Amino acid sequence: MRSGTRLLLVLISAALLAASFYGPGFLAWFCLAPFFIALKYSNLRQTMLFSFILGLSYFAGVTYWFTEYSFVFWLPILAILSSYITIMGIALYYINAKIKSPALRIILISAAWMAVEFFRSRTFLAFPWGLLAYSQHDYLPIM
């Protein structure tokens, strides 16, 4: 798969992630599928780049209102938040490379995403905006 196609898939994922917070939350149920497809055909360096781009695009969509207060401080915040998604991308790369069982992959990918979001909301740089679970507040009976 060409690099431009993978970048387009990453941007689609970011748009769906951000849209799940402002529109129908059900978009979050499948928003990461294009990102996973793009990473399937990427090496580690490309995975880190695509993960960082996903983080920048996603958090720019979720935290655009920061620019109302300070555009200068918004850019470092985007970079810090994107580093969490980059860590997630690295974890995904190694899970896909080392684990052959599809069921175990699904469990580990879900656990890795939850761990990254937990640390993003609980560490000294705690920033709880844009947690994927927040987009599911209308779907409590399903959960």
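Q: Which residues does A79 touch, not counting residues up to four places away in sequence?
A: The model is predicted: local features need pLDDT of at least 70, side-chain atom pairs count only at pLDDT 80 or more, and totals for chains, interfaces and linings use all residues. Residues are numbered from 1 along each chain as its sequence is written, and side-chain values use heavy atoms, leaving out hydrogens and water. A79 lies in helix α4; helices are DSSP runs (H or I, at least four residues), numbered from the N terminus. With contact defined as heavy atoms within 4.5 Å, and leaving aside residues up to four places away in sequence, A79 touches F52 and L56.

Q: What does A79 count as at 32% relative accessibility?
A: Buried means under 20% relative accessible area, exposed means over 50%, and partly exposed is in between (1.4 Å probe, protein chains only). A79 has 32% relative accessibility, so A79 counts as partly exposed.

Q: What distance separates the C-alpha atoms of A79 and F59?
A: Along the chain, A79 and F59 are 20 residues apart.

Q: At what angle do helix α3 and helix α4 pack?
A: Axes are lines fitted to C-alpha atoms, for helices over the stretch in contact, and angles between N-to-C directions run from 0 to 180 degrees. The axes of α3 (residues 44-62) and α4 (residues 71-98) are 7 Å apart. The packing angle is about 140 degrees.

Q: Which word describes how α3 and α4 lie to each other?
A: Angles under 35 degrees count as roughly parallel, over 145 as roughly antiparallel, 65 to 115 as roughly perpendicular, and the rest as oblique. The angle here is about 140 degrees. The pair α3 and α4 is therefore oblique.

Q: Is S51 buried or exposed?
A: S51 is found in helix α3. It touches F35, L39, I85, T86 and G89, not counting residues up to four places away in sequence. The relative accessible area of S51 is 0%, so S51 is buried.

Q: How many aromatic pairs does the count come to?
A: Rings of Phe, Tyr and Trp (its six-membered ring) pair if their centres lie within 6.5 Å; planes under 30 degrees apart count as stacked, over 60 as edge-to-face and the rest as tilted. By this rule, the number of aromatic pairs is 9.

Q: What is the pair of F35 and F36 called?
A: The ring centres of F35 and F36 are 6.1 Å apart. Their planes stand at 40 degrees, so the pair is tilted.

Q: How many charged residues has the contact of α4 with α5?
A: The axes of α4 and helix α5 (residues 102-122) come within 10 Å and cross at roughly 160 degrees. These helices are therefore roughly antiparallel. R105 and R120 of α5 are among the residues that meet across α4 and α5. The contact has 14 nonpolar residues, 1 polar, and a charged count of 2.

How values were computed:
Helices (H or I, at least four residues) and strands (E, at least two) are DSSP runs, numbered from the N terminus. Ala, Val, Leu, Ile, Met, Phe, Trp, Tyr, Cys and Pro count as nonpolar, Asp, Glu, Lys and Arg as charged, and the others, Gly among them, as polar.
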